[in-house]
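Let's take a friendly look at a protein together. Have the sequence and the model ready, and we will begin on the inside and then turn to the rings.

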Amino acid sequence: VLTIPFIFMYQKSMVPIYIVVFLVFCFSRFYIPAKMSIIPDLVGESHLLMANSMVSTTGMIAAVLGFMIGSFLIETFGARNGFIIDAFTFFMSGAIIFSMNMPKKIKMYKGSFLKTSKEIVGPLRKSIWQEIKEGILYLIRHKEIRFIIDMMFVLLSSAGAVYVVIIVFIQQSFHSITKDLGVLAVCLGAGLFFGAIAYGKWGKRFTWYKTIFFCLTAGGLMLILFSVIVHNFPSLILAMLISFFWGIIIGPVFIASNTIIHLVSDEKMRGKVFSALEIVIHFAFLVSMLISSWLSQFIEIFYILISVGGLITLVGIGGFIRSKHHKELWQAH
């Protein structure tokens, strides 16, 4: 990240910055499947919902603080200093992780690792495609996991389509660069936080698939409402309220999805399932971003946001209708 403010910001080409951002996100992808896979080993099945809620909550707190602090720092000190501060947070995170004491049973000593590395690498190279094949077959055979992946694909496709245009939409509506965007991001994050807390406490009262369908339907309607209000009545207070309730509504989708994967996945397959989920949702996010950015050249951003909101709403309503005719799909959990 430090290469951006000290080297690449002075280049005429954006390609080196794209490469740096690509590498940063590549490195971070190892963390998510590992984190999500280990949760059932740390808590009992009866506490999975609350555990997923707390994991989501801590991430949301960090996201809210990051958006809030970052938006004002960049507005005040500029993008270059923002990258420097961002790099410092990476170094701090690394230092904290290195200071952790690993349990003895998972310590790996350099000497023994080097001695057996040739024996390990060979079989891995031979079996990697077999591992991928097994993971795909496992996903296909489990209808609950297939359903979660389908829903995440729809949700992240919508998020990607919105993400690439809503920033410009907010900047144009409120005539600011990052300040109002940061405020709205904080409100959205706060809503996600309270939604995660509430669902972790009372979520067991509701059937998981109904929660997902309700959140999709209501989330789509909130996106339409947000777009109409900001487009026609650019009031920051109203936009903040809608962002807050929007966060409350969509937060439980991720918690319910992760919990049901923990419940139905075999212990040895969790890493593959969450890795596959990461692949699917990021592929959906990227493709929809490209399509949305291309469409924005020909269609007004407001209509793109309305269309995406309508699509999410229809998927949620369609899910409710379909679930009534396929009750056997949901009875196990």
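## The nonpolar core

The largest nonpolar core has 63 residues, and those with the most contacts inside it are Phe147, Ile148, Ile166, Phe169, Ile212 and Phe226. A nonpolar core here is a set of buried Ala, Val, Leu, Ile, Met, Phe, Trp, Tyr and Cys residues joined through side-chain atoms within 4.5 Å. Helix H7 (residues 143-174) gives this core its largest share, 15 residues.

Contact means heavy atoms within 4.5 Å.

## How to read the model

This is a predicted model, where local features need pLDDT of at least 70 and side-chain atom pairs count only at pLDDT 80 or more, while totals for chains, interfaces and linings use all residues. Residues are numbered from 1 along each chain as its sequence is written, and side-chain values use heavy atoms, with hydrogens and water left out.

## The overall build

The protein has twelve helices and zero strands. Both kinds of element are DSSP runs numbered from the N terminus: helices are H or I with at least four residues, strands E with at least two.

Of the 333 residues in the protein, 37% are buried. Buried means under 20% relative accessible area, exposed over 50%, and partly exposed in between (1.4 Å probe, protein chains only). Among contacts with a separation of 6 or more, 83% join residues 24 or more positions apart.

## Aromatic rings

How many aromatic pairs does the structure hold? There are eight aromatic pairs. Rings of Phe, Tyr and Trp (its six-membered ring) pair if their centres lie within 6.5 Å; planes under 30 degrees apart count as stacked, over 60 as edge-to-face and the rest as tilted. One of the pairs is Phe226 with Trp246, tilted at 5.9 Å centre to centre and 35 degrees between the planes. Phe226 lies in helix H9 (residues 208-232) and Trp246 in helix H10 (residues 236-264), so this pair ties together parts that are 20 residues apart in sequence. Phe226 counts as buried at 1% relative accessibility, and Trp246 counts as buried at 13%.

Phe302 and Tyr303 form an edge-to-face pair, 5.2 Å centre to centre with 70 degrees between the planes. Phe302 is buried at 11% relative accessibility, whereas Tyr303 is partly exposed, with a relative accessible area of 47%. Finally, look for one aromatic cluster formed by Phe193, Phe194, Phe244 and Phe245.
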